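Trainee: Please walk me through this one, feature by feature. I would like the general idea each time, then the case at hand.

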Amino acid sequence: MSTKEDYINIGLMIFSCGLAFMLPFELFLFSYAVIGPIHYLTEISWLHQRNYFSTGKKDYLILILLCVFISIGVIFHDVFVMRKLFIGTFQPETIKIIMKYYGQWFPILICSAFVGAIGLIAFEKIIPK
């Protein structure tokens, strides 16, 4: 970057700081509603150019499967809590069993999703030839 661009960036930062002091909520709302979506649109094309940092074409299926299992557990948990709040303490035995075992496996599923995502990026092939 040249010195001219540095001065322009510094000036824009000072202008943004002054604007944030004068109109904090409006600037936050503008950033959230306009600049945020523009940032994500540019980031999606950036990720697409890098093949989402994954080498296999079907790698995402593993992560989708883990996310489905995590989501099902969260939904069951919410139903369990809401039922307990609005209906009372009576719970069908099957829900109690599901919640007991799911509560034990939930942290493992989340860690597996994170480790799996890192593994898909770090290793080119799962099974070496």
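Trainee: Is C111 buried or exposed, or in between?
Mentor: Start with the scale. Buried means under 20% relative accessible area, exposed over 50%, and partly exposed in between, using a 1.4 Å probe and protein chains only. C111 has a relative accessible area of 48%, so C111 is partly exposed. C67 has 42% relative accessibility, so C67 counts as partly exposed too. A caution: this is a predicted model, where local features need pLDDT of at least 70, side-chain atom pairs count only at pLDDT 80 or more, and totals for chains, interfaces and linings use all residues. Residues are numbered from 1 along each chain as its sequence is written, and side-chain values use heavy atoms, leaving out hydrogens and water.

Trainee: How many disulfides does the structure hold?
Mentor: A disulfide is a covalent bond between the sulfur atoms of two cysteines. The test is a pair of cysteine sulfur atoms within 2.5 Å. The structure holds zero.

Trainee: What is the secondary structure of the chain?
Mentor: Elements are DSSP runs, numbered from the N terminus: helices are H or I with at least four residues, strands are E with at least two. Here there are four helices and zero strands. The order from the N terminus is α-α-α-α.

Trainee: What is the mean pLDDT of the chain?
Mentor: pLDDT is the predictor's confidence in each residue, from 0 to 100. The chain has a mean of 77, and 78% of its residues reach 70 or more.

Trainee: Which residues make up the largest nonpolar core?
Mentor: A nonpolar core is a set of buried Ala, Val, Leu, Ile, Met, Phe, Trp, Tyr and Cys residues joined through side-chain atoms within 4.5 Å. The largest has five residues: L66, I70, Y102, L109 and A113. Two elements, α3 (60-86) and α4 (93-122), each give two or more residues to this core. The largest share, three residues, comes from α4. Contact means heavy atoms within 4.5 Å. Not counting residues up to four places away in sequence, L109 touches L66, F69, I70 and Y102. Across the chain, buried residues make up 11% of the 129 residues.

Trainee: Where is D59 found?
Mentor: D59 sits in the loop between α2 and α3. With a relative accessible area of 15%, D59 is buried. D59 and L120 are 61 residues apart in sequence, yet 6.9 Å apart in space, C-alpha to C-alpha.

Trainee: How many aromatic pairs does a search of the whole structure find?
Mentor: A pair of aromatic rings is described by the distance of the centres and the angle of the planes. Rings of Phe, Tyr and Trp (its six-membered ring) pair if their centres lie within 6.5 Å; planes under 30 degrees apart count as stacked, over 60 as edge-to-face and the rest as tilted. The search finds one pair. F28 and Y32 are stacked, at 6.0 Å centre to centre and 25° between the planes. Both lie in helix α2 (residues 24-49), four residues apart, about one turn of the helix. F28 counts as partly exposed because its relative accessibility is 49%. Y32 counts as exposed, at 63%.
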